[in-house]
Amino acid sequence: MSTPKLFEGQTALVTGGGWNIGRATAFHLAALGARVAVAGRRIDRLTETVTRITESGGVAKSISADCSDGEQCARLISETEAEFGPIDLCCSFAGGGMVEQPLDQIPATAVASVVTDNLLTAALTTRAVLPGFRERNRGTLILAAGGGAFVPVLGSHLSIYAAAKAGVCRLADQMTAETWDTGIRIFAIDPGRVPDEDRRAAFEAHHAAQGEPHPESEGAVPPEAAAELVVALHDETSHPMRGRCVSVHDTWWRDAESRAAVEATIHAYRLRRADL
């Protein structure tokens with residue numbers, strides 16, 4: 001008899017699941033036995049993610065949805081649960097669109113777009129998944145922060161992107177405070193600077209041709225790091241923890257003793273990021 005997988009029988013939804021950290025997270029969750037709905041606006045990317053999962057023996061479904069639209073978010077939840085059953089884990093990773101320019105040089109439409117793509121999508125996905133979580137008194141919600149949300153980034157022009165991602169952090173810890181008497185667990189994660197697949201391929205080509213790493217590859221983080229953090233936060237061994245903004249660059253969540261020390265600090269008036 002085969003050993004049950006960590007998330008056997010669970011349903012996971014990953015928005016932004018067609019690319020980068022969303023795709024890597026979908027792969028990891030499916031490999032651990034979850035039934036995974038991958039959502040986003042690019043059906044070709046979603047199809048590729050699902051194909052890779054199913055070819056590896058996993059269970060997945062693609063759902064085309066724009067998470068900046070409340071009605072589409074509601075449809076996304078209902079289609080996921082009609083296919084796979086109640087959602088146990090929702091990863092709201094739809095976002096991106098960073099504009100690295102001084103704020104006074106960014107077109108107003110781009111400012112609105114960055115806030116929409118990052119903060120609004122997180123808020124509307126949260127709004128759509130919460131009723132089911134409340135009804136069942138359980139569920140894990142993980143939002144994507146990063147991009148200067150935790151601390152200022154010197155030498156970069158990330159103001160509006162950082163502000164939107166900081167809003168995601170506040171959404172996570174305020175919603176934790178508002179659901180404190182339930183079994184719902186909410187987090188925001190910082191995935192680090194994660195080049196997409198095309199950029200990583202360009203780095204590898206440069207290294208092969210020049211015999212040295214591409215300058216932009218320094219400090220880059222693989223998307224699998226975010227997936228590992230998602231698994232650690234959703235794993236039932238971390239159930240005492242909630243409301244944290246956690247970075248892949250932190251080390252405490254990988255160590256049981258350090259995690260226990262962080263869990264001991266958890267209460268409704270001390271959420272946010274923990275540095276040990």
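Student: Where is Asn-137 found?
Tutor: First, some ground rules: this is a predicted model, where local features need pLDDT of at least 70 and side-chain atom pairs count only at pLDDT 80 or more, while totals for chains, interfaces and linings use all residues. Residues are numbered from 1 along each chain as its sequence is written, and side-chain values use heavy atoms, with hydrogens and water left out. Helices (H or I, at least four residues) and strands (E, at least two) are DSSP runs, numbered from the N terminus. Asn-137 sits in the loop between helix H4 (108-136) and E5. Its phi is near 55°, a positive value in a residue other than glycine.

Student: Is Asn-137 buried, exposed or partly exposed?
Tutor: The terms go by relative accessible area: buried is under 20%, exposed is over 50%, and partly exposed is in between (1.4 Å probe, protein chains only). Asn-137 has 43% relative accessibility, so it counts as partly exposed.

Student: Which element holds Asn-20, and what is its phi?
Tutor: Asn-20 is in helix H1. Its phi is also positive, near 55°, and again the residue is not glycine. Asn-20 is buried, at a relative accessible area of 14%.

Student: Let's step back. How many helices and strands are in the chain?
Tutor: The chain has eight helices and seven strands. Of its 276 residues, 48% are buried. The accessible surface comes to about 13000 Å², with 52% of it belonging to carbon and sulfur atoms. Those areas come from the Shrake-Rupley method with a 1.4 Å probe, and for residues only the protein chains shown count as cover.

Student: What share of the contacts joins residues 24 or more positions apart?
Tutor: A contact means heavy atoms within 4.5 Å. Among contacts in the chain with a separation of 6 or more, 70% are between residues 24 or more positions apart.

Student: Show me some examples. What does Gly-139 touch?
Tutor: Not counting residues up to four places away in sequence, Gly-139 touches Asp-88, Phe-133, Gly-183, Ile-184 and Arg-185. Gly-139 is in strand E5 and is buried, with a relative accessible area of 8%.

Student: Which helix holds Asp-117?
Tutor: Asp-117 is in helix H4. At 15% relative accessibility, this aspartate counts as buried. Leaving aside neighbours within four places in sequence, its contacts are Arg-41, Ala-94, Gly-95 and Gly-96.

Student: Now the core. Which residues have the most contacts inside the largest nonpolar core?
Tutor: A nonpolar core is a set of buried Ala, Val, Leu, Ile, Met, Phe, Trp, Tyr and Cys residues joined through side-chain atoms within 4.5 Å. The largest has 36 residues, and those with the most contacts inside it are Leu-29, Val-36, Phe-93, Ile-142, Ile-189, Val-230 and Leu-233. Elements giving two or more residues to this core include strand E5 (139-144), strand E6 (184-190) and helix H7 (223-234). H7 gives the most, with seven residues. Another core lies apart from it, of 32 residues, including Ala-37, Ala-65, Val-129 and Leu-141.

Student: Last one: which residues lie nearest the centre of the second largest pocket?
Tutor: On a 1 Å grid over the protein atoms alone, a pocket is an open set of points where a 1.4 Å probe fits, with protein on both sides within 12 Å along at least five of seven lines; lining residues have an atom within 4 Å of a point. Here 14 residues line the second largest pocket, and Gln-10, Thr-140, His-234, Glu-236 and His-239 lie nearest its centre. By class, the lining has two nonpolar, six polar and six charged residues, where Asp, Glu, Lys and Arg count as charged, Ala, Val, Leu, Ile, Met, Phe, Trp, Tyr, Cys and Pro as nonpolar, and the others, Gly among them, as polar.
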